[in-house]
Amino acid sequence: MNVLEWPSQSPDLNPIENLWKDLKTAVHKRSPSNLTELELFCKEEWAKMSVSRCANLVESYPKRFAAVIAAKGGSTKYYFMLYEYLCTLDFSVFYFLKIMIIRVMYHFAFTSQLSVTSFPTVFSSSKVKHELVANYSHLFWVQGSRPELQPYMLLAHTDVVPASEDDAWEVPPFSGDEKDGFIYGRGTMDDKGSVMGILAALEYILMKGYTPQRGFYIGLGHDEEVHGLNGAVNIVRLLKERGVKLLFVLDEGSAILDGILKGLDGPAALIATSEKGATVLKLSVSMPPSHASMPPRETTIGILAAAVKRLEENPMKRLFGLGPEGGMFEHLAHKFRFPLNFVMSNLWLFAPLIARIMERNETTNAFVRTTTAVTMFNAGVKENVIASYAEAFVNMRIHSAQTLKEVHSVQRWSTVGDPRVKIEVVYGFDPLPISPYDETSFGFQIIKKTVLDMFPSMIVAPGMCIANTDSRHFKDLSSSIYRFTPAIYKPGDAQRFHGINERTSRENYEGMVQFFFRLFQNCDIKKLPDVSLDHN
Ligand SMILES: CCCCCCCC/C=C\CCCCCCCC(=O)N[C@@H](Cc1c[nH]c2ccccc12)C(=O)O
């Protein structure tokens, strides 16, 4: 891995300076009267900063960069705009913000350079066209020798969710250190492992002098963890403008599960043919603030907490067997131990019983229903003031047998059930269509063949992605969207996604490179392999 220098600390080049200005102005307006209030207001105002404001600042980076080069490293107009604020900032109070933004900058510095030196053949080959999209996402076009063949596309993303060194990681989360055969670090599973696997495989295949017959695209998004609205969405826009239609799309979202589905003997490669829908709701309660010595019978916090508790105590209805997860378990049925094999083969009868067993575990519960997760709760400004405002964010993942509209109405009318709780929809989309997986589905069968080339006795079945991926933005470009990473996950690994000790084994990483190396070649085969889903 090519580790770059830290980005310049020039104020012209650091978007943190603009955010500090915003923060300072906002906090100043609220006139904090002591240190506690100052800290509180800072945190509240920081939480209010919009993603689009940050994205705009980051997007202005190339302009600033050009201005600094033009000034031969000297000051630019950007510097003078910020200078007065810089002079007044208390660096100790803002230290944690600074660290956060430096990390973001470091990330962008890495992704925008994308290791040209690590993949010299990729970046110098006449067969590969590389372009930056929305400044930080990458689009590669690898030209095939037979332009009449429809291209396919591989997706991955370079951005990650935050990780804190205070969270008891076995090795620092941004070190990329190897321990006992595992590479640790934020992003190793989600999703820098795929980025590196795809690029390393491309590097090798080009070095080998192989010319693919079927052209393909590689899209590496930079903002998947915040919905892909700049990266994936703009890649799709570009491809649409160019009239591209894709034979299939392959993204993260499922894997080889070994021991995660209880009762299943041996590992199973689950190629997800769909993904759940999602919605984020904001619940809020407002009332006039008052003195803590004369509390009203109910407070904003109490009302909202009760609504949140109702949401947690009343999960959405069981839908197991009514979506693509039904097909998944039926395909796997013969690999389950008795009596589960019999039960799984007869979901029409036993689905309600299996649902009750599966809902006991948080990973398998996600296949049973639309899930409800209360992820943020903010309220109160002072310990002796009755909070005038309380808000909670609820993140729901919608089962394929339900719609966004249905979920919204259930929450509004039955579960929250208190008109004092305002419900706003922050974001939402329906479950994704189910991609084909029959014997004539080129994408599915080629992915399956590639898995079987590597692991001849592996059971391969259509699966279901319980989270969300950038591939959902590609549904107008292809009806064959698959989510699968050739990594083997064991019990405990699911908790490493967005959690602590995210890691990938050396074997998984090697497997990733091998998989894509073989996939590039398998996509050139003339006739689909004669395999059916039941033959493994
Ligand atoms: C979530 C992991 C479950 C683990 C299950 C165990 C099996 C592991 C097999 C495969 C790996 C799954 C990979 C999932 C990729 C998830 C990518 C991701 O995290 N995307 C975000 C997108 C997102 C960001 N904010 C929101 C808000 C609302 C909906 C979606 C998103 C995500 O799904 O959270």
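Me: Among contacts in this protein between residues at least 6 apart in sequence, what percentage joins residues at least 24 apart?

Reply: The figure is 80%, where a contact means heavy atoms within 4.5 Å. Please note that this is a predicted model, in which local features need pLDDT of at least 70 and side-chain atom pairs count only at pLDDT 80 or more, while totals for chains, interfaces and linings use all residues. Residues are numbered from 1 along each chain as its sequence is written, and side-chain values use heavy atoms, leaving out hydrogens and water.

Me: How many helices and strands does the protein have?

Reply: There are 17 helices and 19 strands. Both are DSSP runs numbered from the N terminus: helices are H or I with at least four residues, strands are E with at least two.

Me: Why is I69 called exposed?

Reply: I69 has a relative accessible area of 56%. The label "exposed" needs over 50%, whereas buried means under 20% and partly exposed is in between, with a 1.4 Å probe and protein chains only. I69 is over the 50% mark, so it counts as exposed. You will find I69 in helix 4, residues 61-70.

Me: What makes helix 11 "mostly covered"?

Reply: Helix 11 spans residues 324-332, and eight of its nine residues are buried. Among them are P324, M328, F329 and L332. The buried residues of helix 11 pack against several elements, including strand 9, helix 12 and helix 13. Across the whole protein, 51% of the 536 residues count as buried.

Me: Why is the pair of Y152 and F216 called stacked?

Reply: Rings of Phe, Tyr and Trp (its six-membered ring) pair if their centres lie within 6.5 Å; planes under 30 degrees apart count as stacked, over 60 as edge-to-face and the rest as tilted. The centres of these two rings are 5.1 Å apart and their planes are at 20°, so both values meet the rule and the pair is stacked. Y152 lies in strand 3 and F216 in strand 6, so this pair ties together parts that are 64 residues apart in sequence. Both Y152 and F216 are buried.

Me: What makes F320 and F329 an edge-to-face pair?

Reply: The F320 and F329 rings are 5.3 Å centre to centre with 75° between the planes. An angle of 75° is over 60, so the pair counts as edge-to-face. Both F320 and F329 are buried. The structure holds 16 aromatic pairs, and ring pairs also link Y152, F216, F248, F442 and F520 into a cluster.

Me: Which residues touch the most other members of the largest nonpolar core?

Reply: L250 and F516 do, out of 43 residues in that core. A nonpolar core is a set of buried Ala, Val, Leu, Ile, Met, Phe, Trp, Tyr and Cys residues joined through side-chain atoms within 4.5 Å. Helix 8 gives the most to this core, with nine residues.

Me: How do you know that L250 is in contact with residues beyond its neighbours in sequence?

Reply: Leave aside the neighbours within four places in sequence, and L250 is still in contact with M153, L154, L155, I447, Y482, R483, F484, F515, F516 and L519. A second, separate core of 29 residues includes L257, I260, M344 and I354.
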